[in-house]
Amino acid sequence: GDSPYGCVDMSGNVWEWCLNKYDNPKDTSIDQSGERRVVRGGSWIGFQSYARAAGRGSNHPDYRRNNLGVRVAAARRSPSHQVL
């Protein structure tokens, strides 16, 4: 169901790649180090206990599988914001 913020399908579909590094979560730099990145949300192929928005795992950036994906999101702009 929808979250209180209107987000839907936050868990259980695919693990979703995050930008932060697993061993250093505050590091969101884009680099070629190959260090493990955080994945969240669980997937249909894993344990039910991980199928939640707070479920946290990791994989190396070059790892590919059908239970990994990305979340595409768009932010609404308030009428006071102008595009320059």
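My notes on strand pairing and salt bridges follow, in the order I looked things up.

**Entry 1: the sheet.** I noted before anything else that this is a predicted model. What is the strand order in the sheet? I read β3-β2-β1-β4, an open sheet of 4 strands with mixed pairing. β3 (56-59) and β4 sit at the edges with a single partner strand each, so one side of each has no neighbour in the sheet.

**Entry 2: partners of β1.** I checked β1 (residues 15-21) against β4 (residues 68-69) and found them parallel, joined by 2 bridges. E16 stands opposite G69 there. With β2 (residues 37-40), β1 pairs in the antiparallel sense, over 3 bridges.

**Entry 3: K21.** Next I searched the whole structure for salt bridges and got 5. One of them joins the side chains of D31 and K21, at 2.5 Å from N to O. D31 is in the loop between β1 and β2 while K21 is in strand β1, so this pair ties together parts 10 residues apart in sequence. Is K21 buried or exposed? I get a relative accessible area of 3% for K21, so it counts as buried. D31 comes out as partly exposed, at 29%.

K21 also forms a salt bridge with E35, where the closest N and O atoms are 3.7 Å apart. E35 lies in the loop between β1 and β2 and K21 in strand β1, so here the parts tied together are 14 residues apart in sequence. I have E35 down as partly exposed, at 38% relative accessibility.

**Entry 4: D23 and R36.** I then looked at the salt bridge between D23 and R36, whose closest N and O atoms are 2.8 Å apart. Both D23 and R36 are in the loop between β1 and β2, 13 residues apart. D23 counts as exposed at 59% relative accessibility, whereas R36 is partly exposed at 28%.

**Entry 5: D62.** Last, I went to D62, in the loop between β3 and β4. D62 has 64% relative accessibility, and the cut-off for exposed is over 50%, so D62 counts as exposed. I also checked D62 against R36: they are 26 residues apart along the chain, and their C-alpha atoms are separated by 9.4 Å.

Technical notes. Residues numbered from 1 in each chain as written. Predicted model: local features only at pLDDT ≥ 70, side-chain atom pairs only at ≥ 80, totals over all residues. Heavy atoms only, no water. Pairing = 2+ DSSP bridges. Buried < 20%, exposed > 50% of the residue type's maximum accessible area, 1.4 Å probe, protein only. Salt bridge = Lys/Arg side-chain N within 4 Å of Asp/Glu carboxyl O.
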